[in-house]
Amino acid sequence: MSLTLDGTGLFGDAALLTRADFMLALPRAAQARDRLLQMEPAWRRLHARADLLEACLRRAEEVRASQAPEFFVVLGIGGSALGNTATIAALAPVLQEWRPTAGAPRVFVLDNVDPDWLGEFFEAVPGDRMHVNVISKSGGTIETSAQFLLAWDHVRRATGSDAAARERFTITTDPSGGHFRALADAQGFTTLPVPPGVGGRFSVLSPVGLFTAAMAGLDCASLLEGAGKTDARLRAATPDQDPALAYALAHVLHMERGRRNHVHFVYSHRARLLGDWYQQLWGESLGKKRDLQGRVVHVGPTPIAAIGPTDQHSQIQLYVEGPDDKVYTFLAVDRFAREVAVPPPFADSPAFATLRGRSFGELMRAEREGTEIALAQAGRPWCRIELCRMDAFHLGAYFLFCEVATALAGELLGVDPFDQPGVEAGKINALALMGAAGQESLGVALRAEQAARAAWRLSC
């Protein structure tokens, strides 16, 4: 199997969640599953889009052959960045920014507009040794537009001409509309498509994520194969044997019992940024003011990323003895790529004695199991997503599993998991505050609203 869900720890007495309660709610979940299958969203079939994979591989080969860039720079934010950072962290060499895969560039994902970061980055990285991938489906993301102008100026100065600079850009955007589509068509930039019906947080298996993976020398075909195998198994499963449905339903039932904080506890350094990707997927999809009938519900979980064993020493005290308002998901990798032995002790010490003949993999597993047991003893619900290993196939399986579970949870909560009106409101306000054309009156109103608030400022 590509992925296993162990949900044993989700159940207990009536104060936790009984299996009888779960089975009672299963018919409702099965209906949600049927609705999603009938909907057949475009993101769920990305693994079968051989044309998109071929386009990414072909463009990556063109770039490597003609430019041999030392640096591959991704400009994007949110769904245009988080899948890329998670994939690179999971599959590329751990020190890829220093020592990438042979023949591949070092990959940097610039997902912020912090002037210190961007300024220092472009001061340090030569524009004629980089290739830049600009990712924006709508073309209306002000952060990405600002990054693009900075990168374009930097590369054009380094290469000496617009034509030479243009070759060092690939724009991943909507195939038919939007600002970047119009710019690419008018100026002659090479583009890759974000397929219709694929939102940012569901786009990691599209050219949004595949081009970066291809440039980094990763196994894109296996990534899609893992997603495809998982999708097929989820479709073939009966509702009571569907792990994505079980995950979604159990979390929604725990939310109804007041457990609205969902901790994604990752026990693999390579998988550490999957927690950030999960945070956007789960939180942005399910946190909604209104339900599908337009009623104000203010529903949604708060996803929390944690890294084991690191956060055992920063958060576990809260989790075990703090408020019972959380559900915990452990992401476990059964077999690490390396088995590093703990060297023999050089002195007698009880602290060393336990480690004699052990490995770091054993220690990692014991740390996770110990934390799971501690949560169970405290009556806290937890489950475990198990991957055989952290490779492209199993990463693809994980991505698809989480996407399907998220969509199912949205159906169960009665909200649209594919829109983000709260995000759009912030974007509109930012544009107005920056003086965007047509938004002048809103900008004035927002400034006045800020000024009218009673000031409360403290300094030290």
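User: Which residues form one aromatic cluster?
Analyst: In this predicted model, local features need pLDDT of at least 70 and side-chain atom pairs count only at pLDDT 80 or more, while totals for chains, interfaces and linings use all residues. Numbering starts from 1 along each chain as its sequence is written, and side-chain values use heavy atoms, with hydrogens and water left out. Rings of Phe, Tyr and Trp (its six-membered ring) pair if their centres lie within 6.5 Å; planes under 30 degrees apart count as stacked, over 60 as edge-to-face and the rest as tilted. One cluster is formed by Phe265, Tyr267, Tyr319, Tyr328, Phe330 and Trp382.

User: Which residue in E12 does Tyr328 stand opposite?
Analyst: Helices (H or I, at least four residues) and strands (E, at least two) are DSSP runs, numbered from the N terminus. Strand E11 (residues 326-333) runs parallel to strand E12 (residues 382-387), and six bridges join them; two strands pair if DSSP finds at least two bridges between them. The residue of E12 opposite Tyr328 is Trp382.

User: Which strands stand at the edges, each with a single partner strand?
Analyst: The open sheet of five strands has mixed pairing and the order E1-E12-E11-E7-E10. Two strands have a single partner each, so one side of each is left without a neighbour in the sheet. They are E1 (4-6) and E10 (302-307).

User: How many residues apart in sequence are the parts that the pair of Tyr247 and Phe401 ties together?
Analyst: The two rings form an edge-to-face pair, 5.9 Å centre to centre with 70° between the planes. Tyr247 is buried at 3% relative accessibility and Phe401 at 1%, where buried means under 20% relative accessible area, exposed over 50% and partly exposed in between (1.4 Å probe, protein chains only). Tyr247 lies in helix H10 and Phe401 in helix H15, so the separation of the parts in residues is 154.

User: Is His131 buried or exposed?
Analyst: His131 has its place in strand E4 (residues 130-135). The relative accessible area of His131 is 0%, so His131 is buried.
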